[in-house]
Amino acid sequence: MPHRMLQQAIDLMREGKTEASARMLQVVIRDPELSNKFRATAYAWLAETQDDLNFKIQCLNRALDSDPGNAQIQERLNSLLAVQPSTRQAPVQRPPQ
């Protein structure tokens with residue numbers, strides 16, 4: 001069930017329905033039956049639901065916590081860290097754990 005919901009959330013993102021996708025991804029992430037690999041995927045997609053750079057970085061860090069060997073997520077995180085201003089503060093909204 002969580003894998004099906006994850007795919008539905010991804011489909012929503014591809015359709016441009018970011019708010020609906022974010023809500024579904026937050027539900028998926030909390031599902032204890034979700035594997036670490038798919039949890040990392042969910043966090044990576046959740047990162048794309050907002051424009052806030054710090055939110056994206058936090059999501060990608062949580063994705064790497066779930067799947068430390070994921071090179072694509074590491075590359076995406078590295079590219080965001082390279083453009084992150086050093087004066088940025090923590091985001092108001094935090095991704096779910």
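Predicted model: local features only at pLDDT ≥ 70, side-chain atom pairs only at ≥ 80, totals over all residues.
Biologist: How many helices and strands does the protein chain have?

Modeller: The protein chain has five helices and zero strands. Helices (H or I, at least four residues) and strands (E, at least two) are DSSP runs, numbered from the N terminus. In that direction the elements run α-α-α-α-α.

Biologist: Why are helix 4 and helix 5 called roughly antiparallel?

Modeller: The axes of helix 4 (residues 53-66) and helix 5 (residues 71-83) cross at roughly 150° and come within 10 Å. Axes are lines fitted to C-alpha atoms, for helices over the stretch in contact, and angles run from 0 to 180 degrees between N-to-C directions. Angles under 35 degrees count as roughly parallel, over 145 as roughly antiparallel, 65 to 115 as roughly perpendicular and the rest as oblique. Helix 4 and helix 5 are therefore roughly antiparallel.

Biologist: Which residues make the contact of helix 4 with helix 5?

Modeller: Contact means heavy atoms within 4.5 Å. Helix 4 contributes Leu53, Lys56, Ile57, Leu60, Asn61, Ala63 and Leu64, and helix 5 contributes Ile73, Gln74, Arg76, Leu77, Leu80, Leu81 and Val83. By class, these are ten nonpolar, two polar and two charged residues. Here Ala, Val, Leu, Ile, Met, Phe, Trp, Tyr, Cys and Pro count as nonpolar, Asp, Glu, Lys and Arg as charged, and the others, Gly among them, as polar.

Biologist: What makes helix 2 and helix 3 roughly antiparallel?

Modeller: Helix 2 (residues 18-30) and helix 3 pack at about 155°, with their axes 9 Å apart. They are therefore roughly antiparallel to each other. Ala22, Leu25, Gln26, Val28, Ile29 and Arg30 of helix 2 meet Arg39, Ala42, Tyr43, Trp45 and Leu46 of helix 3. This contact of helix 2 with helix 3 has eight nonpolar, one polar and two charged residues.

Biologist: Why are helix 1 and helix 3 described as roughly parallel?

Modeller: Helix 1 and helix 3 pack at an angle of about 20°, with their axes 11 Å apart. That pair is therefore roughly parallel. The contact joins His3, Leu6, Ile10, Met13 and Arg14 of helix 1 to Phe38, Thr41, Ala42 and Trp45 of helix 3.

Biologist: Why does arginine 39 count as buried?

Modeller: Buried means under 20% relative accessible area, exposed over 50%, partly exposed in between (1.4 Å probe, protein chains only). Arginine 39 has 14% relative accessibility and therefore counts as buried. Arginine 39 lies in helix 3 (residues 36-47). Not counting residues up to four places away in sequence, arginine 39 touches Val28, Ile29, Arg30, Asp31, Pro32, Leu34 and Ser66.

Biologist: How do you know whether glutamine 8 is buried, exposed or partly exposed?

Modeller: The relative accessible area of glutamine 8 is 38%, so this residue is partly exposed. Glutamine 8 is found in helix 1 (residues 2-14). Its C-alpha atom is separated by 8.2 Å from that of methionine 24, 16 residues apart along the chain.

Biologist: What percentage of the protein chain do buried residues make up?

Modeller: Buried residues make up 44% of the 97 residues.

How values were computed:
Residues numbered from 1 in each chain as written. Heavy atoms only, no water.
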